[in-house]
Amino acid sequence: MKNKNTIIFLTLIITALCVYYLSITFISRGIQNDAVQFAKNPDTGIVDQIKKQQYLDSIWREPVLNLLGAEFTYKEIKENELNLGLDLQGGMHVTLEVSPVEIIKGISGNNQDPAFLQALEDARLLQRNSQENFTTLFQQAYKSKNPNGQLSRIFANAANRDRLNFESTDDEVMELINNEVDDAIDRAFNILRTRIDRFGTSQPNIQRLQGTGRIQIELPGVDNPSRVRKLLQGVAKLEFWEVHEPNEIATALNGINQYLLGEERAALLAASNNPQTPTTEGTDTGNTLEQQLAGAGSDSTAVDSLTSTITRSSWISLRRQVAYDPTGIYYELRDTAKINRMLQKQEVKRLIAGARAKFLWGVKPEVDTELLKLYPIKIGRDGQAPLTGEVITNARQGLDERTRISVDMQMNAIGARKWKNLTGQNINRNIAIVLDDYVYTAPNVVNEIPNGSSSISGNFTIEEADDLANVLKAGSLPAPTRIVEEGVIGPTLGKEAQAQGIKSIFAGLIIVVIFMIFYYAKGGIVANVALLFNIFFIMGILANLSAALTLPGIAGIVLTIGMSIDANVLIFERIREELRNGIPLLQAISSGYKKAYSSIIDANVTTFLTGIILYWLGQGPVKGFAITLMIGIACSFFSAVFITRVIMTWMSKKGNDSKLSFASPMSKGWLSNINIDFLGKRRMAYFISGSIILVGVILISTNGLRLGVDFQGGRSYVMQFDEPMIASDVKTSISNGVFQDVGVEVKTYNTSNVLKITTSYLVEDESTEADSLVLNALVGELEQATGKTYIDGATDLDVGQFTKGGSSKVGATIADDIKKSSLNSFIISIVAIFFYILIRFRRWQFSLGAIVALVHDAMIVLSAFAIAGVLGISFEIDQVFIGALLTIMGYSINDTVVVFDRIRENLQLKGSRDLIGTFNASINSTVNRTLITSMTTLIVVLVLFLFGGEVLRGFSFAFLVGIIIGTYSSVFVATPIVVDMTKKTLGAAADKERESARAKASAKAAAAAGQA
């Protein structure tokens, strides 16, 4: 075998890397278990998730592992472990409030009307104890302050002239305000989701809390909460300001010094007369001077003499000099609070405004110092920045001219033109780049910059620069946000459900391993070794890439396991064919690999192509599935084709006399002489498929599907119990009765005795009556399920009691744009598969057959869910279902392409004369491979369905139906469509040939008659 040593070398390298990263993962899990033990109450067994997080935060930068003399902090370990998604490990829960006050102020053009400002403040206070919208409370507060006032006098301005005027009614004004506030919250929602997606977490949840300006965010496995808070709350208001030269504001600086000097002298005089009176700010010589004043006593002449020696206020005396910037204004970090208080004084504000200036701090102290720079910013007549961040089209982490970490930005055409003018007018001056009112950098302009490029360098770490670039790309928030609630949530799929699922999958895999050895003898052992390598490589590479494993990701792994087995089955069946034809062992092995290679390549490429498109266009669970799928395909191809080939070469080193068999005594001859007229039954298959889909469509249109909270949103309740609760068991228990046909989601919240329960029951009804009905129904189900008594408003719970801690309405996790992106990725995947099969098989009929089979399979699975619902078996459609459906499509296309590949081979040998005979022979020759592959994958899924627990039932049911239908459609849908379409094409071509022959014969006859 060629390149054997290269394959062995690659296998060893990949294995070593996987061992390293997976061992890091095990170490990290051990540390997290230590945190759980630390946070567990020994008496009650309740785990305090906040205390657990505090433990992990305390060791974040501490060494926790010594490996060959190298120390690793917990932070470094977390960066190299295999992450888990929200569904498998839980994470950080944050509720953000988008400030409607700032939005309304912006609509008014920052109107300073006292009644208007007071109404905003009153509405803010009223909202604390009210369920009304903020805008409604604002209108009520304004009317109470100014009964005869018209809102149009506040909001009719140049910015709104196309929508409002001074004659507009209050209702018209309120309609505009409500629309603008809703639009701003929607923009904030989209911007925050973009930031979160770029933050690097896998499958975060982000939902709008209906009827409020709040957004609920759940991030899986967050280990640095402070970084998340900064990312979520940053407005990202990027501005470019001109900076004053020192001489331009010298008069203002001197005026500030004189005013503050007078204040400080007066304070010291007051202190001399009353030693108990504190000074306002104090000076750098404060203690000595106070002692001298105390010694001077009531001698006014001595006191006047002492105070006259103070010639500099704290404004000047606290200032520090920096050698490389002698005219810069610098202060010690500890003195910045004093300076801020000085800048807030009304007289100081007046002096600064008179100089057309404002002061902004630098974002970080100077390198290796505790000095922070205060920048005198130049203010224009309109008070607005000459250039703002809306013009930024791209931002990325880079290095500046001094090789410092920076954020490089590119502007659009309008921004580039303004930037050119701004830099042209400020040559040899500084321009400050300001984000959220902090100066990140203020470079000196050497030349005019014509191309719209700029750079922010501010003593960043790489992580900070990446975060800033992501925030700038996502855009600035329309209003400030603040965190109003923060907590730690448990996984959607509880520990017990996870354990059931893992045990079921392992049990299924063991059965597959035994079957492969039973059916293929030593060949089965080789396939099993490849399968273990495949799973090991997938997990190791996921850890290496710091990707997160989710339930849809596990679905992708199950698919690649099936494809890995399928590749070996294809190879072994080809080898068995060659051996049955009397070919020697070594030649049979070589020929088997060569003949199976094209089928394996086509099946893997079509599925990998789908993975690329799903990753490119998909969001949420679709993207997580795509990552795992692409990694899995690469690993399964390498292990099933190359690693098995190396093992085969080693096992057959004795040549044709090697004891290497591909069939056990009991399986010899199985499925080898099948001769079924599959295509003769195609019309019956069309009828059966059409009938099932028709019934499914009718049921879906009349009864609908049981859409989960992910798709619908609903009402969320925090329920506190007297003892720890198992979330998955509670979900199973309450998903009956009232909640049988609606989505229910149950997670632990902060501690193991608190559950967050969300249901889409009565989601369309937003009335207070519906709120009461849902709560009462939930309480009834919980009392029945747990045997405990509900106590409303309880603070201390006795044994056998539970109470409600809070409630809210939440929007769908899978928002409209996620649905749209998923649909787009599905459509583009179909188009890509169509063209790939067209290129490989040279006939559009093959492309059409594959696509129809894909759509057919998806429709059958949806129909199966609808029919099961009518029969009283209700399964929930949620994010995990999307992963299952995508897996089914991948399985279906893989199966179809393998059959098509054998058809193509036979068509090249036999031609198109006996089309149905050739196609039937091709299906019969691959049916053994089809059945074995389907059966091995089906075993894993069937065990998961039967023993994986109620929480995973819908997930495994979709798989179960999909594998059966995927196998069925490759034989009874895809191939028959190719036959029927090809027959029509060949028939039409034959008709044209016959007509052409008749025309030629008639022409010859006419010519002969003319000559006669």
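Phe739 is buried, with a relative accessible area of 0%, where buried means under 20% relative accessible area, exposed over 50% and partly exposed in between, for a 1.4 Å probe and protein chains only. The model is predicted, so that local features need pLDDT of at least 70 and side-chain atom pairs count only at pLDDT 80 or more, while totals for chains, interfaces and linings use all residues. Residues are numbered from 1 along each chain as its sequence is written, and side-chain values use heavy atoms, with hydrogens and water left out.

The protein chain contains 32 helices and 24 strands, these being DSSP runs numbered from the N terminus (helices H or I of at least four residues, strands E of at least two). Among contacts with a separation of 6 or more, 74% link residues 24 or more positions apart, contact meaning heavy atoms within 4.5 Å.

Phe739 lies in the loop between helix 26 and strand 21 (744–749). Setting aside neighbours within four places in sequence, the contacts of Phe739 are Arg706, Ile734, Val744, Thr759, Tyr761, Val774, Ala777, Leu778 and Glu781. With Glu781, the separation is 42 residues in sequence and 8.7 Å in space, taken from C-alpha to C-alpha.

Glu781 also takes part in the packing of two helices, where Val730, Ser733 and Ile734 of helix 26 meet Leu778, Glu781, Leu782 and Ala785 of helix 27. By class, this contact of helix 26 with helix 27 has five nonpolar, one polar and one charged residues; Ala, Val, Leu, Ile, Met, Phe, Trp, Tyr, Cys and Pro count as nonpolar, Asp, Glu, Lys and Arg as charged, and the others, Gly among them, as polar.

Helix 26 (residues 727–734) and helix 27 (residues 768–786) pack at an angle of about 115°, with axes 9 Å apart; axes are lines fitted to C-alpha atoms, for helices over the stretch in contact, and angles run from 0 to 180 degrees between N-to-C directions. Helix 26 is therefore roughly perpendicular to helix 27, given that angles under 35 degrees count as roughly parallel, over 145 as roughly antiparallel, 65 to 115 as roughly perpendicular and the rest as oblique. The crossing of helix 26 with helix 27 is right-handed, the term for a near helix turned clockwise from the far one by less than a right angle, anticlockwise being left-handed.

### Strand pairing

Two strands pair if DSSP finds at least two bridges between them.

An open sheet of four strands has the order 12-7-15-16, with antiparallel pairing. Strand 12 (387–388) and strand 16 (438–441) stand at its edges with a single partner strand each, so one side of each is left without a neighbour in the sheet. In the hairpin of strand 15 and strand 16, with two residues between the strands, Asp436 takes a positive phi near 50°.

A further open sheet, of three strands, has the order 13-14-17 and antiparallel pairing. Its neighbouring strands are turned by 25° against each other on average, direction ignored. Helix 17 (residues 413–424) lies across strand 14 and strand 17, and runs at about 110° to strand 14.

Seven of the eight residues of strand 20 (residues 714–721) are buried, so this strand is largely enclosed by the rest of the structure. In strand 22 lies Asn753, which counts as buried at 8% relative accessibility. Apart from neighbours within four places in sequence, Asn753 is in contact with residues including Ile46, Met719, Gln720 and Phe721.
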